[in-house]
Amino acid sequence: MIEVRGLTKRYGDRTAVDDLSFTAPAGQVTGFLGPNGAGKSTTMRMIVGLDAPTSGTALVNGKPYAQHRAPLQEVGVLLEAKAVHPGRSAFNHLMALAYTHGVPKRRVEEVIDVAGLHDVAHKRVGAFSLGMGQRLGIAAALLGDPAVVMLDEPVNGLDPEGVRWVRELLRGLAAEGRTVMLSSHLMSEMAQTADRLVVVGRGRLLAETTVDALVEQSEEKGVRVATGEPARLRSLLAAPGVTVTSTGAERLMVSGLDTRRIGQVAAEHQVPLYELVTESVSLEEAFMNLTQDAVEYHSSDTRRAA
Ligand SMILES: Nc1ncnc2c1ncn2[C@@H]1O[C@H](COP(=O)(O)OP(=O)(O)OP(=O)(O)O)[C@@H](O)[C@H]1O
């Protein structure tokens, strides 16, 4: 389990992480989600003691990371830009890590297989693609057979097969009872991997929820209606609490009424309908709604937001 309480990190007058609290429980995949610059990497670095918090605490299985006797066996970490000697082979890189942490050679061979690196294990890491480098980073994170696995943007650079592999691997690790936490700035990727979501923006917690709850909360966008008589239907549907907007020549978007009621009104007045569909907010839209005030760079504005 990872427990973050009141975690804050300031760099000069810039607050990268702002009084952040959340829990990543064992046996589940927790997705750590937020736009670029939200403070995800800084939080993860503080969890493993690579950065000192300005205030607050981060506990891994009840203790600060540094107080664990064999941290590699406690927490497996993949952070961005992991330094690997480019002239070394993947096998030798893992062996060096294993040797310094008392991990047997057998385990190195195991993680090479798990990461699908068998065919390239003796090639120079310097010649690895981004995706192979990510696989090597994940192999290194798993080396100590840790109870907690924390990965920063693990699918970065992976092809669709690699993305699926990471997803299945992480779900499998959680099913074994391990704590799995991964960061991403893409909701679409999290929706398929994570059980729980910790959403941050500008260093602050925006939501701590489950994927299912987020879908439920933001379920309805409205009812999409296509009709040959949009103006007439519009006036028939008009009522307090009902909003009807035109979305095309014969198209309306209705909120405040369900498909059944709209269908009844249309039938009573013999207005022909060609389409009557409840539209849900996509998870991606739900995420955008949550984080829209917290994005550092908007695509329409290249200046840094204040
Ligand atoms: N060493 C540092 N010195 C000064 N500012 C920093 C430092 N590290 C991070 N920051 C700032 O803190 C904020 C959070 O950065 P962080 O890298 O943690 O975000 P992130 O959510 O991981 O983003 P990304 O998805 O882009 O990696 C950013 O505004 C960043 O510029």
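I began at the end of helix 6 and found that glycine 177, which follows this helix, has a positive phi, near 100 degrees. I keep in mind that the model is a predicted one.

I then looked up helix 6 itself, residues 160-175, and noted that its 16 residues reach 22 Å from the first C-alpha to the last, close to the 22 Å expected at 1.5 Å a residue. Next I asked which residues of helix 6 are buried. I found Gly162, Val166, Leu169, Leu170, Leu173 and Ala174. Seen down the axis of helix 6, these buried residues fall within an arc of 130 degrees, so they line one face of the helix. I reminded myself that an α-helix has 3.6 residues a turn, so residues three or four places apart point the same way. On the other side of helix 6 I listed Pro160, Glu161, Glu168, Gly172 and Ala175 as exposed. What covers the buried residues of helix 6 includes strand 3 (29-33), helix 5 (130-142), strand 6 (148-152), strand 7 and helix 7.

I turned to leucine 186, which sits in the loop between strand 7 (179-184) and helix 7 (187-193). Leucine 186 and glutamate 153 are 33 residues apart in sequence, yet I read 9.5 Å between their C-alpha atoms in space.

For helix 1, residues 40-47, I noted that 8 of its 8 residues are buried, and that glycine 49, which follows helix 1, has a positive phi, near 70 degrees.

Last, I looked up the domain assignment, which gives domain 1 (81-142) and domain 2 (220-280), and I noted that 58 Å separate their centres, taken over C-alpha atoms.

Notes. Residues numbered from 1 in each chain as written. Predicted model: local features only at pLDDT ≥ 70, side-chain atom pairs only at ≥ 80, totals over all residues. Helix = DSSP H or I, 4+ residues; strand = E, 2+ residues; numbered from the N terminus. Domains from an automatic or database assignment. Buried ≥ 20, exposed ≤ 12 C-beta atoms within 10 Å, placed from the backbone. Expected span 1.5 Å × (residues − 1). Arc of directions from axis to C-beta. Contact = placed C-beta atoms within 7 Å.
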